[in-house]
2 protein chains.
Amino acid sequence: MPENHTPALNGAESLVTTLAASGVQLCFANPGTSEMHFVAALDRIPGVRCVLGLFEGVTTGAADAYFRMARTPAATLLHLGPGLGNGLANLHNAGKARSGIVNIVGDHATGHARHESPLKSDAEGVARSMSHWVRSSLSAADVGADGAAAVQATRDGDEGRIATLLLPADTAWGAGGRAAVARPAEAPAVVLGAVPAAARLLKQLGPRAVLLLGTGGSRSLAAQQHAAAIAAHTGCQVLAEFYNARMPGGRGTHGIQRLPYSVDAAAARLAGAEALVLAGSTEPIGFFGYPGKPSQLKPAGAALLELAAPHHDVPAALAALAAELGAPPVPAPARSVPTGWPRGPLDAESVAAVVAATLPDNAVVVDEAVSTGRGFSSAMVSAAPHDWLPTMGGAIGFGLPGGVGAALGAPGRPVLVLEGDGSAMYTVQALWTMARESLPVVVVIFANRAYRILQGELLGVGAAITGQKAEAMLSLGNPALDWVAMARAHGVPGVQVADTDGLAKALRDGFASGGPVLIEALV
Amino acid sequence: MPENHTPALNGAESLVTTLAASGVQLCFANPGTSEMHFVAALDRIPGVRCVLGLFEGVTTGAADAYFRMARTPAATLLHLGPGLGNGLANLHNAGKARSGIVNIVGDHATGHARHESPLKSDAEGVARSMSHWVRSSLSAADVGADGAAAVQATRDGDEGRIATLLLPADTAWGAGGRAAVARPAEAPAVVLGAVPAAARLLKQLGPRAVLLLGTGGSRSLAAQQHAAAIAAHTGCQVLAEFYNARMPGGRGTHGIQRLPYSVDAAAARLAGAEALVLAGSTEPIGFFGYPGKPSQLKPAGAALLELAAPHHDVPAALAALAAELGAPPVPAPARSVPTGWPRGPLDAESVAAVVAATLPDNAVVVDEAVSTGRGFSSAMVSAAPHDWLPTMGGAIGFGLPGGVGAALGAPGRPVLVLEGDGSAMYTVQALWTMARESLPVVVVIFANRAYRILQGELLGVGAAITGQKAEAMLSLGNPALDWVAMARAHGVPGVQVADTDGLAKALRDGFASGGPVLIEALV
């Protein structure tokens, strides 16, 4: 090697360069030894901000919410198969949310991986279980192109997908790195073939047809407005799926309601429907199967017509459908600003009233309130305009990381996390990242001191509790978690409230403080 | 169906019956909807105690340590693919520890799994990445036999293995369950074929040979005594692997030292060796690969001779080797009870002196102290007799769950957990289970407020930090975690100490209290 050769990029530096050039501006990291060259490269190569999480589920959950707000993928930086394993649950959720994420997973150096070392694992197997795309780099010269391919893979055939790049340590430290750049994202396909049939069906069936919006149909106000115009013109019903990755709501929107969670309520809501027109949605399926209850929620004989698939340009399809029908725009219903709430104890209804009355303008609400959160949607139509981000995929532990990701993906907007005490415990470490990054997040923990959702589910599946052992599996009361101490442990100020006035004051103080703040709400 | 038929078992009840009949006495559970029938069955069928964890990594880490002490598998109860994902890192560790665990993972009802529901995932793929055995039950009638097969699979060809049984909800709630029972465990094979060759090699090479003990050779005091006799007779060196699933130590033992962790130190320790005789150990391999450093730690030309594989009866092989050599027993060196420690601040050396002086008799020490813990082994030879349980497999997050599992697997023995602040955060929820079950566990958190191990590793891999972004990825100081508040949050009393006298008092008070107690040691 000549002594005065130009310093070249190592593999890790070529990857950071590639990610920055491909629009990846943020990396949620929980690194280990195998990722030290990537960490070092962050200093030398500008363009990628790095945010530390103290547990991998924090990084993947934050990346999910970040994508939903920023609409561009973040990277995660994870350590070997076990580290990736710790991030899987929120990758599952992100996959169901169609969020794009590039996971960079350090692995043993290629020569070292031949030997039986303690941390040797089937990292590719772990990755495949929850990724749409997996690749392991073979040499430092490949890492740049592999990184660009990973970014492209997050957009391949869908709005967002999970791409996992395994980076053996020697491909990171090796010389000869070559930076690359991903192709820019393409606009979603405008597919209008089903527009005439959908128009005929809705006109013919009127209230016996349901226009069902998926995320692509509920995320944009324009799409919601087209849907409302179609409903007003044809008399059809409009519903959104129970889970939407991001749904604008509050005053100024049409207040489109979501299909209920419970199988019985959802089936009742769809009873009498003869057709479902799917606008970026999929056939409604119950969350779980229950003895003697259907998995498919639509009436047995009802037709399904796909107006647009989730990865299509759903707003364009709804606009074309409204035009085909000649449906004129209708204004959103005027709703007055909610000013009060019932005085007294906190329950699902009174909490929703307080939140609706105190939410600041343009907030992002992350919803993992589970049992306490089911009652929010009717109150929130009168709240200030906001975006609503629920846990997609049903793996609990999204809420607190989601607050981190939403704040970083929507800079300047206040974030409210509505969180159950049971679910908060899966990724509680996210509180520290909120403090570390001074994020404007107000967290409300609904402390019912139980897996209350499971107490209901136990009845739903027909399993009767006959003794204390089973009861104990659903109770978190012995000992009670102390959420104010939990907040302090992670560097976040905390306060406990037990009634509606206390919650309202704590919420207003929290938003005024700039956050982060944790409110323990005894329900 | 006749009205007065004898109530039959459902699938879940047949499984609980089978587990109890097969020697599984404990279930570490983090259940969801799909597991409600299993939870309900715990009340109706006696014999399986259920301990709740608030995060899946707590349940799998506890099951690992439980097996190491009780030498019989525990079950875990986990919820679908994402829940199993949260438990993978400690399953990785358990696999490397050769701990037997039966994971019961609820899955969607078979009819429901055909549909695209939010929680649908490739649970089998998640399971395969970290299990030796995976099966999905097909009907309620199969569940009992499948459970018995799972228990048997934990012993199939090794001391302990990871078996994962996926239980679709309808196979749990369905009628027609039939209980089964696993075959009893067989004694490990006594394999003596290499004894004469090992005897010749050790006699011939003397100090240029190393007798390397794996867990099977270090776990029993008898095996340690045989090894010491062999060393005294032949002049060979005796070392234990750096990681041993369970190693008795302290006064009355021969104080067998472990191979060092760092590649350089381990290679130096083995320099000059012409042969390694493996007694339940495997070829020593560096933890990570580093640029320009070997993966294999033995000198290039040194021979390897396997006296006994890890799953063989290693004590029997060592006894036979001692007999072949005619090596008479040698007494363990007499060591006086340590009474003091250097006054002043806490560092690796002074902490070790305090722990050695204050450890109660017959304690179980769970070691995940990472950077602070490297210096313990020389001080601990003078401590009271104890068992030492390190993180096997290197996936951090074992320590606190390990304290739970060790306490339940060795009832009546005090447990000390030595834990880094960074590593504690991966499964901090274990503190709650300690409080819930009133476990006699004293936890010492070494609060260096950094991923200090990574600060060293960064140098080891030759990656230089040039700026603040990388530095920030290794620091946990902004904000500092408040471990006394963390303990209180989970219902555990906590105290902060900053010098050796304070640590000694807190340890003595903690053990006297019966625990659990958390001590934040500022290092």
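Tutor: In chain A, 81% of the contacts with a separation of 6 or more are between residues 24 or more positions apart; two residues are in contact if their C-beta atoms, placed from the backbone, lie within 7 Å. Please keep in mind that this is a predicted model, where local features need pLDDT of at least 70 and side-chain atom pairs count only at pLDDT 80 or more, while totals for chains, interfaces and linings use all residues. Residues are numbered from 1 along each chain as its sequence is written, and chains are lettered from A and ligands numbered from 1 in the order in which they are written.

Let's take the overall build next. Chain A holds 21 helices and 17 strands, which are DSSP runs numbered from the N terminus (helices: H or I, at least four residues; strands: E, at least two). Its radius of gyration is 24 Å, close to the 24 Å that the globule rule gives for 523 residues, so chain A is as compact as a globular protein of that length. That radius is taken over C-alpha atoms, and the rule is 2.2 Å times the number of residues to the power 0.38. Along the principal axes, the C-alpha trace of chain A spans about 80 × 60 × 45 Å.

Now for the domains. Chain A is divided into domain 1 (11-173), domain 2 (195-325) and domain 3 (348-522), with bounds from an automatic or database domain assignment. The centres of domain 1 and domain 3 of chain A, taken over C-alpha atoms, are separated by 29 Å. Their contact takes 24 residues from domain 1 and 25 residues from domain 3. On the domain 1 side, strand 2 (49-52), helix 3 (56-70) and helix 4 (80-96) of chain A each supply at least two residues, and helix 3 gives the most, with eleven. By class, that side of domain 1 has 14 nonpolar, seven polar and three charged residues. Here Ala, Val, Leu, Ile, Met, Phe, Trp, Tyr, Cys and Pro count as nonpolar, Asp, Glu, Lys and Arg as charged, and the others, Gly among them, as polar.

Finally, let's zoom in on one helix. In helix 11 (residues 263-270) of chain A, A:Val263, A:Ala266 and A:Leu270 are buried. They cover an arc of only 70° around the axis, which puts them on the same side of helix 11 of chain A; the arc is that of the directions from the helix axis to the C-beta atoms. The buried residues of helix 11 pack against strand 7 (209-213) of chain A. Just after helix 11, A:Gly272 takes a positive phi of about 90°.

A:Leu211 also belongs to the largest nonpolar core, which has 399 residues; A:Leu211, A:Val277, B:Leu211, B:Val277 and B:Ile519 touch the most other members. Such a core is a set of buried Ala, Val, Leu, Ile, Met, Phe, Trp, Tyr and Cys residues joined through C-beta atoms within 7 Å. Not counting residues up to four places away in sequence, A:Leu211 touches several residues, including A:Leu202, A:Ala227, A:Ile230, A:Cys236 and A:Val277.

Key
A residue is buried if 20 or more other C-beta atoms lie within 10 Å of its own, exposed if 12 or fewer, and partly exposed in between; C-beta atoms are placed from the backbone.
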